[in-house]
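Dear colleague,

Please find the structure below, handed over for your own work. My findings follow directly after it.

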Amino acid sequence: MNLKKYLRQQAEKDKKNMLSEEDEQNCRQIASQTATVALKRTHYPAVALVSGVVAVCLTLSITLPIFLKKPPVDDILYQEENIRSATCSLEDINSTSNYFSVSEVADAEVFYELNYDSVSNDSLYYTVNVTTAISEYTMFLVTNTKYNFIFELKDKLLNEQLSLYTINYNITKSEGFQGSTAKYRGYVQNSSETVYIEYTQLIDLGEQAFFNDIQSILKIK
């Protein structure tokens, strides 16, 4: 009921405009209801605004850490296209490696090479190429622990405990016009350094010849 209308009706009943106690309570109730409705209408926009601000803050708190996250400073990613090579000496290899040493090979053509990152100038690994009358092989001595040298070994590996270290390897044999040939792929690992090996016998002389050649050139300090 409208407050003004109610008062006008009571005025007609009482020319002196005097309200009874019951009428006064009715007036207060109507006034209270009217004020409550007005208060709700006033506060709805404010509540919506606060809710929107809270939602934005929550979104920022979830999103910002994702965009601001940075990779660890110590992470180094060497790109294969940045790798360069340069001729080096036997002394360079032996002074850099902490665990392995390379010996000279008699009656063989040997070529030593340093492979490094051209962006940082960090040394990555050394290559030792050996050619003899009956064998050809390459050893890759990886000295940089942060560099991931890619060397695939698909077949099941054999292992042999030699006098200085264990060698893990597989064999592929093939027949040609000049007889049987054998190819060995494997690695020797000691502490944080690894030597990967690609070895070919132009004439298949057996595994012991392979072991002897590797042990004659690759030593432990």
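Aspartate 204 is partly exposed, with a relative accessible area of 23% (buried means under 20%, exposed over 50%, partly exposed in between, with a 1.4 Å probe and protein chains only). Its side chain meets that of lysine 173 in a salt bridge at 3.3 Å, N to O (a side-chain nitrogen of Lys or Arg within 4 Å of a carboxyl oxygen of Asp or Glu). Because lysine 173 lies in strand S7 (residues 166-176) and aspartate 204 in the loop between S9 and H4, the pair ties together parts that are 31 residues apart in sequence. Helices (H or I, at least four residues) and strands (E, at least two) are DSSP runs, numbered from the N terminus. Lysine 173 is exposed, at 53% relative accessible area.

This is a predicted model, in which local features need pLDDT of at least 70 and side-chain atom pairs count only at pLDDT 80 or more, while totals for chains, interfaces and linings use all residues. Residues are numbered from 1 along each chain as its sequence is written, and side-chain values use heavy atoms, with hydrogens and water left out.

A search of the whole structure finds two salt bridges. In one of them, glutamate 198 pairs with arginine 185, the closest N and O atoms being 2.7 Å apart. This pair links distant parts of the chain, with glutamate 198 in strand S9 and arginine 185 in strand S8 (residues 179-190), 13 residues apart. Glutamate 198 is partly exposed at 32% relative accessibility, and arginine 185 is partly exposed at 26%.

As for strand pairing (at least two bridges found by DSSP between two strands), S3 (residues 109-117) and S4 (residues 123-131) run antiparallel and are joined by eight bridges. Tyrosine 116 stands opposite serine 123 in S4. Five residues separate the strands of this hairpin, where asparagine 121 takes a positive phi near 65 degrees. S4 is also joined to S5 (residues 135-142), again antiparallel, by seven bridges; three residues lie between S4 and S5 in their hairpin.

Regarding confidence, the mean pLDDT (the predictor's confidence in each residue, from 0 to 100) of the protein chain is 79, and 66% of its residues reach 70 or more. pLDDT stays under 50 over residues 37-73, for which the model has one contact beyond four places in sequence (contact means heavy atoms within 4.5 Å). Where pLDDT is low, the predicted coordinates should not be read in detail.

Yours sincerely
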